[in-house]
Structure formats: structure tokens, C-alpha cells
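Here are my notes on this one, as numbered points. Have the model open while you read.

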Amino acid sequence: MAQIGVIPSEIRPVDVDEIPHKNEAPLAYCQRVTKEKVLAVRAADDELVLCGDTTVAVGRRILGKPESSSEAETFLRLLSGRRHRVITAIALKYQSQIWERDVTSKVRMKQLSDSDIQGYLDTGDWKGKAGSYAIQGLASAFIPWISGSYSGIVGLPLAETQAILKVAGYRDFGEGS
């Protein structure tokens, strides 16, 4: 957020159910989880609350955060040599109003060898990452092509975040606090 001149005064993690509903499409899932997050944050009327969620999808299959090295390996093998989507939804709450945006980017992962996969798994970089990888980390070597928002793939689409803040009346660059 500092890249767009915003420094949050506080970070308040919330606990929401991130298990996809039966037959829930990836975009709908990401939007639902994000809205549940923004609604779960307790805030004063004069506070802006920004929440987001990022989902990796292959077709209609949602690849969440792997719970084990074995699941991470399964995800990486599924993504290997294929294009997939990275969906990031954001929601901004101010007083009783909520603004929402989402960004879908396409990503191609190179064909991974067994040693690529094992070496990456051994680093532990996959832990806590939707789809088992972070484009801004070690897995960047696996991604030869993207179409869309790099910052959205990382997890916070900066252009869309700046736009939604501006619509909500938050200061723009150079306007002071």
C-alpha cells in the first residue's frame, strides 16, 4: 500500500470461513470471502476498512492455500505448463457504504520438472500461498508470462485500490492526510 502512498494505521486480521461452497465459481468465491472479511472488521464510523482475497483457479477449480507439502505438490503439478487465473477481490467499507472491485489476471507457469517441484517444496515458500506459489518470491522463475495486473497477482491490485479509495473520498497522491 505504501506504493500508492497509503500507510494503514492498523492491521486487524479477521477469521472468516474460506472453504468454497459447493459448486461455487472462483470469482464468486473470492468476492464472497472478501465481503465477509470487510463486514467482520469492527471499525468506528470514521475509519476506512480495506480487505482483499486472492484465489488461484484452474477452470472452475479453486486452488487455496495448501495444507501440506503433498497438496502443494499436487497444485504445482496441476499448474505446470498451463495457464491459470489469479483473481483478487477488494472491498472498502466506510460508514455504511461498501465499494467492491475485482481483478482477474492470467498466468502461465512453465513446465516444471520433478527437481523444480521438489526444490521449490523444500524451500517452504509455498506455505500460506494460494495455488502454492507467490509470483514475487522464488516461484517468479516459473512464470514466463502474465496478462493483467502484476500487483493483483501479488495480492493487492494497486490501480484498483487507488481508484476505490478515491471514490470513497480518501485523499489522492499529494493531497496530504
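1. Helices (H or I, at least four residues) and strands (E, at least two) are DSSP runs, numbered from the N terminus. With that in hand, E1 and E2 pair in the antiparallel sense, over three bridges. Alanine 57 has isoleucine 62 of E2 as its bridge partner. The E1–E2 hairpin has two residues between the strands, and glycine 59 there takes a positive phi near 65 degrees.

2. Ground rules. This is a predicted model, in which local features need pLDDT of at least 70 and side-chain atom pairs count only at pLDDT 80 or more, while totals for chains, interfaces and linings use all residues. Residues are numbered from 1 along each chain as its sequence is written, and side-chain values use heavy atoms, with hydrogens and water left out.

3. On to E3. E1 and E3 pair in the antiparallel sense over 10 bridges. Glycine 52 has isoleucine 90 as its bridge partner in E3, and valine 56 stands opposite valine 86 of that strand. On its other pairing, E3 runs antiparallel to strand E4 (residues 97–108) over 12 bridges, with isoleucine 87 partnered by threonine 104 in E4. E3 is mostly covered, as nine of its 12 residues are buried (buried means under 20% relative accessible area, exposed over 50%, partly exposed in between, with a 1.4 Å probe and protein chains only).

4. Which non-glycine residues have a positive phi, and how exposed are they? Most residues other than glycine have a negative phi, so these are worth a look. Asparagine 23 has a phi near 65 degrees; it is found in the segment before H1 and counts as exposed at 65% relative accessibility. Glutamine 95 has a positive phi of about 55 degrees. Glutamine 95 lies in the loop between E3 and E4, a hairpin with two residues between its strands, and at 47% relative accessibility glutamine 95 is partly exposed.

5. The largest pocket has a volume of about 1,500 Å³. Grid points are joined across faces, edges and corners, and the volume is the space filled by probe spheres set on the points. There are 48 lining residues, and the closest to the pocket centre are Lys37, Leu50, Cys51, Gly52 and Asp53.

6. What is the lining of the largest pocket made of? It divides into 30 nonpolar, eight polar and 10 charged residues (Ala, Val, Leu, Ile, Met, Phe, Trp, Tyr, Cys and Pro count as nonpolar, Asp, Glu, Lys and Arg as charged, and the others, Gly among them, as polar). The elements that each supply at least two lining residues include helix H1 (26–40), strand E1 (48–58) and strand E3 (83–94). E1 gives the largest share, nine residues.

7. Aspartate 53 deserves a zoom. It sits in strand E1 and is buried, at 7% relative accessible area. Its side chain makes a polar contact with the side chain of lysine 37 at 3.0 Å (a polar contact is a pair of N or O atoms within 3.5 Å; within protein, one must be able to donate a hydrogen and the other to accept it, and residues adjacent in sequence count only if both atoms are side-chain atoms). Not counting residues up to four places away in sequence, aspartate 53 touches residues including Glu18, Tyr29, Thr34 and Ala89 (contact means heavy atoms within 4.5 Å).

8. Threonine 34 is in helix H1 and is buried, at 1% relative accessibility. The side chain of threonine 34 reaches the backbone oxygen of alanine 89 at 3.3 Å. Beyond four places in sequence, threonine 34 touches Cys51, Gly52, Asp53, Ala89, Ile90 and Ala91.

Key: On a 1 Å grid over the protein atoms alone, a cavity is a set of points where a 1.4 Å probe fits but cannot get out, and a pocket is an open set with protein on both sides within 12 Å along at least five of seven lines; lining residues have an atom within 4 Å of a point. Two strands pair if DSSP finds at least two bridges between them.
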